[in-house]
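Subject: Structure for your review

Dear colleague,

Please find below the structure that I am handing over to you. My notes on what was found in it follow directly after.

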Number of protein chains: 2
Amino acid sequence: MAEPLRIALAGLGTVGAGVIRLLDQNRELLTARAGRPLDVVAVSARDRSKDRGVDLSRFAWEDDMTAMAARGDVDVVVELVGGSDGPALTLARNAIRAGKGLVTANKAMIAHHGMELAEAAEGANVALRFEAAVAGGIPVVKGLREGASANAIEQIYGILNGTCNYILSTMEDSGADFGETLQAAQELGYAEADPTFDIEGIDAAHKLAILAGIAFGARIDFASVDCAGVSRVRAQDIAQADALGFVIRLIGRADIDTSTGEARLFQRVQPCLVDKEHPLAAVDGPTNAVVAEGNYVGRLLFQGAGAGDGPTASAVVADLIDIARGDAGTPFSVPAATMVPMAKADTGHRMGHNYIRFTVTDRPGVLAEITAAMRDAGVSIESLIQQGKPEEGGEVLVAMVTHEGPESAVTEALRLLDGSDSLTAEPLVMPILEA
Amino acid sequence: MAEPLRIALAGLGTVGAGVIRLLDQNRELLTARAGRPLDVVAVSARDRSKDRGVDLSRFAWEDDMTAMAARGDVDVVVELVGGSDGPALTLARNAIRAGKGLVTANKAMIAHHGMELAEAAEGANVALRFEAAVAGGIPVVKGLREGASANAIEQIYGILNGTCNYILSTMEDSGADFGETLQAAQELGYAEADPTFDIEGIDAAHKLAILAGIAFGARIDFASVDCAGVSRVRAQDIAQADALGFVIRLIGRADIDTSTGEARLFQRVQPCLVDKEHPLAAVDGPTNAVVAEGNYVGRLLFQGAGAGDGPTASAVVADLIDIARGDAGTPFSVPAATMVPMAKADTGHRMGHNYIRFTVTDRPGVLAEITAAMRDAGVSIESLIQQGKPEEGGEVLVAMVTHEGPESAVTEALRLLDGSDSLTAEPLVMPILEA
């Protein structure tokens with residue numbers, strides 16, 4: 001039997017405990033597949049006394065997690081602490097500097113510091129893996145880095161946040177509005193007590209930035225992700241979308257824009273209307289799904305559980321098996337030092353159909369005002385629905401779908417309407433994702 | 001720049017030409033990702049003079065493809081000739097014996113000789129890779145071997161043949177019967193002139209046997225795959241299924257049956273009724289999709305183009321990149337010598353709902369005869385549809401869905417009806433795949 005891979009595990013929340021359970025339960029299988037045992041030797045967390053349902057007495061305990069990196073009996077550090085900076089980042093840096101492999105589920109840290117960590121790992125010739133950081137249990141980092149490695153990736157897009165998808169698909173089924181659905185999701189454990197990172201799209205943006213780095217060989221640039229969440233989606237939007245043949249999903253999307261003659265990076269997270277015939281329309285509940293379109297393979301879809309202790313542990317341990325097998329390689333498909341910084345793409349010229357929803361006061365002339373603005377901005381309306389009876393407070397909903405046209409025209413139309421006292425709230429624009 | 005990976009390519013059909021086109025078109029990208037150039041040095045095919053749309057004058061030509069294995073200037077042989085035995089197998093054996101890596105898209109060869117080849121490759125410490133042999137461009141061999149490697153796989157199932165899926169989903173859209181749909185598929189290039197391997201499920205069975213080997217660590221056992229094709233599916237079956245909330249798909253499915261106290265291998269390819277809410281129900285046209293259910297990750301879905309020169313070339317070149325990166329490892333996740341022979345599982349005790357379709361003569365008492373046989377065999381009927389007006393020739397269709405029960409009861413009911421002159425054809429049983 002080959003030498004075991006010796007693991008230090010920092011962070012013993014549900015995922016950390018899940019990793020230990022998985023390593024115990026599937027031990028024989030993992031040893032056979034990895035070619036050697038995967039042995040946890042040390043653990044660290046904030047509270048030593050807490051019962052996590054797994055026996056920790058077998059492992060050395062470190063009060064200071066960053067000390068894990070200095071242990072001579074450790075080959076790989078698994079970081080499951082979270083947070084883009086702070087102790088997680090210190091541990092990651094120290095582990096790599098000490099010549100240890102690093103496996104992490106920390107999307108914020110990779111989105112913000114992935115380039116630095118990858119360069120350090122490549123310099124030290126150690127593994128850096130983060131499958132669990134993107135889309136939970138779905139092996140999509142591997143799918144892009146290795147499975148689709150023969151392709152120029154034309155675009156990636158997908159459902160990258162299980163909380164938002166749970167909320168949107170539940171609103172779809174129940175007809176309930178956002179607020180009460182979020183509250184129910186929190187009670188069921190599908191949303192955090194402070195749900196901001198999820199519902200405002202930041203978590204999805206972290207994942208998108210990481211995927212874009214792998215897919216396009218561009219330096220990860222989280223700051224340039226345009227990001228809108230789901231909190232402004234109303235039950236009526238979902239009903240209107242349904243009547244038009246669409247569902248609403250929070251979609252993260254990235255591609256390379258070459259319209260200016262240089263490669264620029266487009267990255268955006270926002271709710272979209274997805275054609276019911278598109279495979280992403282069938283993705284319900286806390287499931288994630290990622291589409292990668294390659295110039296030879298065409299459209300690939302990877303789908304599965306986007307979060308949860310079991311799926312996330314599955315991804316963490318898959319990374320450990322790769323490392324044990326000696327198959328770790330460069331973290332981002334190409335050496336980090338060769339990943340090029342790309343400017344953020346302008347979006348005005350991007351063509352598409354859009355859904356635009358206005359909430360307006362119930363009085364004569366409002367529709368004329370809106371449609372005049374559309375005309376003046378050159379936005380051509382494909383269909384328009386004005387809701388029959390006013391909402392509470394005399395508010396009326398006007399929803400339209402535009403003919404294909406540039407994004408700049410929609411922006412201009414909304415600029416023309418900006419400040420109009422006919423509008424009771426900021427209009428909501430959602431692009432249409434066709435099948 | 002590191003030394004190139006030197007490739008000999010045997011077989012210059014659409015896939016072989018596609019591989020050369022891909023290596024040319026994406027050359028810069030591939031070199032960056034693989035860390036070294038991927039260089040074709042020699043090619044071989046039956047007809048040297050044929051125009052394949054790619055410049056072959058750059059490469060050495062071998063009339064005898066098996067001579068590729070002996071070339072001193074080759075690191076990896078790519079076998080795209082096909083056929084389970086014959087020259088493809090000779091080339092594969094010779095290449096491995098000569099210490100060269102082997103990449104193949106040959107599902108029949110891997111299904112029949114994969115164990116021998118893997119043992120030889122492991123013994124010679126060379127790579128053997130076959131991503132393109134299963135589900136075309138979808139990285140599902142990698143998905144199981146690496147992506148889901150932390151999991152005990154509970155079952156795998158999916159749509160593994162694009163021709164059958166094209167035919168079934170086209171019948172669904174058009175209402176046309178099998179024969180004319182097959183003919184149209186042949187005219188469009190979605191079915192071979194001799195479609196037997198595809199429509200009788202043999203191609204899907206090859207792929208299923210390979211996936212089962214990876215998923216369960218069982219020695220590949222193609223002979224024990226139960227296999228039924230799509231040629232007996234009628235337009236009326238599709239209409240009945242639709243009315244009941246299902247679509248019909250050819251599903252390959254494998255799991256481990258432990259009901260006898262020892263692990264036995266269940267492998268079956270047959271048309272099934274798939275609940276419209278199941279992700280596989282939305283898989284249309286020549287697309288493939290594979291579901292793997294793991295004990296930690298839950299349900300993973302991999303979907304994409306199951307055939308075609310571009311997608312298949314994508315999978316072949318992904319394997320080459322892995323080899324160039326030094327990430328090849330054991331072909332089947334665990335060493336071939338440790339893969340255990342598993343007996344074929346009995347299926348009588350397997351529980352499920354089934355759709356059973358009879359074609360009967362239009363005369364009194366037939367329904368009583370069928371339902372009596374069901375009662376006597378202990379098959380409980382959930383719903384039954386007798387078609388109103390007789391088909392041509394006075395034939396009437398009777399379709400039923402059973403309550404959950406053991407497969408043995410259905411078999412017994414059909415045995416009781418065997419030889420009845422009320423039946424105009426052998427009944428068709430299709431299991432129901434619930435969401």
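Of the contacts in chain A between residues at least 6 apart in sequence, 76% join residues at least 24 apart. Please bear in mind that this is a predicted model. The pLDDT of chain A averages 95, and 98% of the residues score at least 70. For the complex, the predictor gives an ipTM of 0.96 and a pTM of 0.96.

The chain as a whole

Chain A contains 13 helices and 18 strands. Its C-alpha trace spans about 80 × 50 × 35 Å along the principal axes. The radius of gyration of chain A is 24 Å, which agrees with the value near 22 Å that a compact globule of 435 residues would have. Of the 435 residues of chain A, 54% count as buried.

The two copies and their contact

How are the two chains related? Chain B is superposed on chain A by a rotation of 180° with 0.0 Å of shift along the axis, at an RMSD of 0.0 Å. The two copies are thus related as by a two-fold rotation axis. Moreover, 100% of the interface residues of chain B are also interface residues in chain A, so the copies meet through the same surface.

The contact takes 46 residues from chain A and 46 residues from chain B. On the side of chain B that touches chain A, the elements giving two or more residues are α2 (27–34), α5 (140–147), β12 (298–305) and α11 (309–325) of chain B. The largest share of that side comes from α11(B), with nine residues. Sorted by class, the side of chain B that touches chain A has 23 nonpolar, 16 polar and seven charged residues.

Strand pairing also links the two chains: β12 of chain A (residues 298–305) is joined to β12(B) by three bridges, and the two strands run antiparallel. Within this pairing, A:Gln303 has B:Leu301 as its bridge partner in β12(B).

One residue in chain A

A:Gly143 lies in helix α5 (residues 140–147) of chain A. Is this residue buried or exposed? A:Gly143 counts as buried because it has 28 C-beta neighbours inside 10 Å, where 20 or more are required. Leaving aside neighbours within four places in sequence, A:Gly143 is in contact with A:Ala148, A:Ala292, A:Leu300, A:Phe302 and B:Pro139. A:Pro331 is 188 residues away from A:Gly143 in sequence, and the two are 13 Å apart in space, C-alpha to C-alpha.

Strand β2 of chain B

Strand β2 (residues 38–44) of chain B is mostly covered, with five of its seven residues buried. β2(B) pairs in the parallel sense with strand β1 (residues 5–10) of chain B over six bridges. It also pairs in the parallel sense with strand β3 (residues 60–61) of chain B, over two bridges. B:Ala42 in β2(B) can be followed through both pairings: B:Ala8 stands opposite B:Ala42, and B:Ala42 in turn stands opposite B:Ala60 in β3(B).

With kind regards

Terms used
Residues are numbered from 1 along each chain as its sequence is written. Chains are lettered from A and ligands numbered from 1 in the order in which they are written. This is a predicted model: local features need pLDDT of at least 70, side-chain atom pairs count only at pLDDT 80 or more; totals for chains, interfaces and linings use all residues. Copies are superposed by least squares on the C-alpha atoms of residues with pLDDT of at least 70 in both. Two residues are in contact if their C-beta atoms, placed from the backbone, lie within 7 Å. Helices (H or I, at least four residues) and strands (E, at least two) are DSSP runs, numbered from the N terminus. The radius of gyration is taken over C-alpha atoms; the globule rule is 2.2 Å times the number of residues to the power 0.38. A residue is buried if 20 or more other C-beta atoms lie within 10 Å of its own, exposed if 12 or fewer, and partly exposed in between; C-beta atoms are placed from the backbone. pLDDT is the predictor's confidence in each residue, from 0 to 100. Ala, Val, Leu, Ile, Met, Phe, Trp, Tyr, Cys and Pro count as nonpolar, Asp, Glu, Lys and Arg as charged, and the others, Gly among them, as polar. Two strands pair if DSSP finds at least two bridges between them.
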